[in-house]
Amino acid sequence: MFITSHKHCMLFNSYVFIFAFLPVVFFGFYAIGRYSHNLALLWLALASLFFYGWWDIRFVGLLLGSIIFNYGSGYLIGQSLSKSTGSTKWLLVSAIVANMILLGYFKYANFFIENLNHLAGTALLIGEVFLPLGISFFTFTQIAFLVDTYQGKVKEYSFIHYTLFVTYFPHLIAGPVLHHKEMMPQFAKPDTCLINLENVAVGLSVFVLGLAKKVLIADSMGDMATPIFDAVSTGGQPMLFESWLGALAYTLQLYFDFSAYSDMAIGLSLMFNVRLPLNFNSPYKATSIIEFWRRWHMTLSRFLRDYLYIPLGGSRHGKGRRYVNLMATMLLGGLWHGAGWTFVMWGGLHGFYLMINHAWRNLKQKMGWGDGGRWSNLGAGALTFLAVVVSWVFFRADSFSSAISILQGMVAMNGVSVHQSFAKYVAVFTQKLPIEISLEGFTPLSLVKIHLGMLQIIIGLCLVFFFPNVCQIVQRFRPTLEDMEDFVPINFESNLPAQTKLLRLMEWYPTKLQGAFYGVLFFILLAYMASASKSEFLYFQF
Amino acid sequence: MKYIQAFFVSAILACVTYYSAVLILIDAPVPAEYWVGEMITIKKELVKKHAGKSKIIIAGGSSTLFGIDAEYASKSLDMPVLNFGLHAGLRLERILQIVSSVIEQGDVLVLALEPPYYDCNTQLNSGHVTNIIGWDHDAWKEMNYSEKLEFVSLVSPTLLGQMVVAEILKKLHPASLSDRLTSLDGSLVLSRFRARTLPSTFEYSAYNLNSHGDIQRTEGSRFKGQGYDMGSPSHVCDKTADMLISFVDRMKKKGVLVYFANIPYIASEVGLDTLRSGELNFRNEFSHIGCIIDNREDLIFDRKYFFNTDLHLNTEGRTLRTDAFIKAIRKNVLSGTCVNAH
C-alpha cells in the first residue's frame, strides 16, 4: 500500500484556511496588483506553494522540480518545433516518460511489487512510499501542457505564469485538471489583479454553497457509509437494507464531496478573477453512461479523451477498435484513481457500460428507434444511476471480496434483517420468499440509525435529482469557463416546470437580502465545522 | 458592494446571536443519556451505604457495568464490592472526578478502562457536549473559562435547535419532558430506585441495576460485529498517563489504593504473539502509573459470551469474567503482592 497522510493539509473547510490563509492571500494579491501585475501573480504562486508546503514541506521540492523539468521540456519542445529539428517527438516522449516514472514510483511502485510478489512468490520490499498530495493532478496537468506544446497550441512561456498555472491553490490538490490555453490568457489579462467586487461576491457565494455541500451533506453521508464499509472490510456480511444504505450513502457522499471541492475551487478562483472550467454538471441526472461521463469530473474526462482515447485511435478505426479503446481508456482511468484492483474493476465496469451504451445507440440508429418519451427517459436515468451505484461499490470497497459481499447484500443474498416490530410479517414473507429474515434491526452490522439514514438519503437524492446545481444557481454571472466543447447546458427549457420555478427561486442575485442569507449560512457552516471532526475531501487520496 | 457588506454584517450578527443563545440555554433539557446521570446518582448512594467499611470499587465505562457481578464478588471475597461501571461515553477525567467524590480512606479502587481511554484524543465530542447540557451540569460548572469557551464552540446548530425546542417545551409543556426533568432531581431518582421493579427484558435504565450497581437482564448473545484488537491498547498517551499518575497520587494521599484491570476481549484469529507484544509494551509504559491486576490472555471470551456490543458481556460471560476478577483480587490485591510501582 502507498501511504497517504493529509492530517496537516490546509483544507478549504478549515479555520486556518478561511480566516488566515485566504484573507492574507486575497488582500496581498490585490494590494500588490495595484503596483505590479507580475509581482501579484508571483505572490499568488508563492502563496500556492506555501499552501502545498503546509501539508509537507519536503514535497515542495518535488513539486518545484516537476514544474522546472516540465517547463524546461515544454520550452525545448516549443523551440524544436519552431526550428523543425525533428527531435520534437523524442523530446515529448522522453518528458512524458519521465513524468510517468515519477507518478509510477510514488503511486504504483508498491502496487506493482505486491502483485509481482504474489505472482512470482518473491518477497521484494521497497519500503514505505509516501504519496505526495495532488501528484496525479499536477502530473496530468503538465502532461497536457507538453502535448499542447507539441501540437503548437502553446503561445506563452512566462515561468511565473506557468508556475502559477500548475500550483494555483484552488485546483492544485484535487483539480479541476486545467489546460494551459485556458489559464494563461486569464493570468495575462491586465485587470486580473484589480479587484472586481462582482466576482468576489459571486465567488464567495459559490464557495459558501460548496462548503454547505461538504459540511451539511457529504460528511453526514460519510458518517453512514464509513461504518458499513468498515464493518464489511473486517468480515461482516451486510444484509439487504444495510448494503443499500452503504452503497447509496457513498454514492451521495462522493458526489457531494467532490463537487463541493470543485465548487469551492471555482468560487475561490473567481475571487481572484480567474475562471476555472466546470467539473460537475449534475451527473446523476444523466440518462446514459455516455452522458454521465460528460457531466462527472468533466475535466478528467476531457483529459482522458484528448490525451488517451483519441491518441489510441478513438473511433477512427471501426467499432471493434473503438470499444477496445474505450475499455483501455476507462481501465487506465480507473488505475489513475488509485493503485488497486478495485479501481481497475471500477474502470472496467464503466468501460463495459460505455461499450453497451454505444452499441445500444448504434442499434437504435440502425433500427430507426426514437428517444422515447418522459417515461423512457426516467427508466434510462434510473438504470444509469443503478449502474453507477454498483460501480461505486467497487470504488469504495477495500477489496473485491468486500465489494462482492455488499453487492450480494443488495440482492438479499446475505439475508434480510428487520426490526422486531416487523416480527408478525416475517412468517408470511419467509413462506413466500426464499430469503432468510432475522429480527436484529435494519443495520445489525454497523448500528447506523436507519430512520435518520433513510431521511438523509431521501433528502440527498431529492437534491441530486430535483434541484439545480451550484453553477446553475449563479449561471447569469458566468462563474466558470464556458468554452468546453462537451459542456452540456441544463437550461431553463430542459427542466420540468417545477424545476424551472425552483431554479428561479434559488437564482443568485447580488441583493442585500441574498447577501444576508449567504452570510448567515456561512456562519452556520462555520459553527458546524467547529462542532464536527475535521473531514478531508475524498479526492485528496487520488 | 452592498451584497458583501450584508454578507459579513449578517454573519457577525448571526455569530453574536448564536453564542448568546447557547449561553442562555446552556442547561436546556435536550435529548441525552439521562439514564447515565440517574445511574451516577444511584451508584454514589450505593457506595455511601457502605461508608466507614473497607470496600472494593471497580470503576470504568460500560464494559465494567456489564462485565462485573459485584454482588457475587462481594459474597466470594466476603467484603463489599461495588460496580461503579458507568458509560464509555463519559470522559476519563469525569469518571475519576465522580468516583473520587465517594471513595474513602481504606478503600480499594480498581479502574478497568476501555482502550480508547488510553488514547491521546481527550477532546470533548458531541456526545459529551449533549450530556453536559442535558444532565451533567456539574461538569459545566467545574470548567474554567477556556474550557467553557471550547465547550460553547462545540455546540452545533442542530444541538442549539434542540436546546431551543427543549426550553420552550420546559416552559410551555413540561409534562412532555417529565422523564428528563425528574432525572435531574436526585432525591426523586433515589426514591424511584428504592421502589423499582426490575424490567422483564433488558433496558438501558438506571432502574435496571441491583444494589451492587450491576446491570441486569443481559441474557443471550446479540452482538455480530468485530471486537477490539487484543493488542490494543499498546501505548498510553502522555496526557492520559499524567492524569492517571496525579489521580493515583491524590488517592494514595487519601488512603485509597488504586489498581488497574483489563477489559474483556472477543476471541479472534489474532495470534497470542500479537496480544502479548501489545500487552508487554503497554505494561512497560504503565509501570510508572500503577499496577495492572490481570492478564489480557485470561480475559478472552468466546463471542457467545458477549451481549449487545464488543464491550458488554452477557450474564454467563459476566460470571466467568467475575471469577477471573476475584482470582486477580486475591492474588494481587488482598495478598499485597501487586505493589504500585509509582
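How many aromatic pairs does a search of the whole structure find over all chains? In this predicted model, the search finds 79 of them. One of these pairs joins A:Phe522 to B:Phe7, with 5.5 Å from centre to centre and 35° between the planes, an arrangement that counts as tilted. The pair crosses between chains, since A:Phe522 belongs to helix α21 of chain A, residues 512-531, and B:Phe7 to helix α1 of chain B, residues 2-24. Both partners are shielded: A:Phe522 has a relative accessible area of 9% and is therefore buried, and B:Phe7, at 0% relative accessibility, is buried too.

On the side of α21(A), the residues that make the contact include A:Lys512, A:Tyr518, A:Phe522, A:Phe523 and A:Ala527, while α1(B) contributes, among others, B:Lys2, B:Tyr3, B:Phe7, B:Ala11, B:Tyr18 and B:Tyr19.

Within chain B, another pair of helices has its own geometry. The axes of helix α5, residues 92-100, and helix α12, residues 238-254, come within 11 Å and cross at roughly 5°. Because angles under 35 degrees count as roughly parallel, α5(B) is described as roughly parallel to α12(B). Here B:Leu92, B:Glu93, B:Leu96, B:Val99 and B:Ser100 of α5(B) meet a set of residues in α12(B) that includes B:Met243, B:Leu244, B:Phe247 and B:Met251.

In chain A, the charged end of A:Lys107 sits over the ring of A:Trp336, at 5.3 Å from the ring centre. In chain B, B:Lys148 lies over the face of B:Trp140, with 4.9 Å to the centre of that ring.

A:Leu268 lies in helix α10 of chain A, which spans residues 240-271, and with a relative accessibility of 0% A:Leu268 counts as buried. Apart from neighbours within four places in sequence, A:Leu268 is in contact with A:Phe12, A:Phe17, A:Leu22, A:Phe169, A:Pro170, A:Gly203 and A:Phe207. As for A:Asp56, that residue is 212 residues from A:Leu268 in sequence and 22 Å away in space, from C-alpha to C-alpha.

Key
Residues are numbered from 1 along each chain as its sequence is written. Chains are lettered from A and ligands numbered from 1 in the order in which they are written. This is a predicted model: local features need pLDDT of at least 70, side-chain atom pairs count only at pLDDT 80 or more; totals for chains, interfaces and linings use all residues. Side-chain values use heavy atoms; hydrogens and water are left out. Rings of Phe, Tyr and Trp (its six-membered ring) pair if their centres lie within 6.5 Å; planes under 30 degrees apart count as stacked, over 60 as edge-to-face and the rest as tilted. Helices (H or I, at least four residues) and strands (E, at least two) are DSSP runs, numbered from the N terminus. Buried means under 20% relative accessible area, exposed over 50%, partly exposed in between (1.4 Å probe, protein chains only). A charge sits over a ring if NZ of Lys or CZ of Arg is within 6 Å of the ring centre and within 35 degrees of the ring normal. Contact means heavy atoms within 4.5 Å. Axes are lines fitted to C-alpha atoms, for helices over the stretch in contact, and angles run from 0 to 180 degrees between N-to-C directions. Angles under 35 degrees count as roughly parallel, over 145 as roughly antiparallel, 65 to 115 as roughly perpendicular and the rest as oblique.
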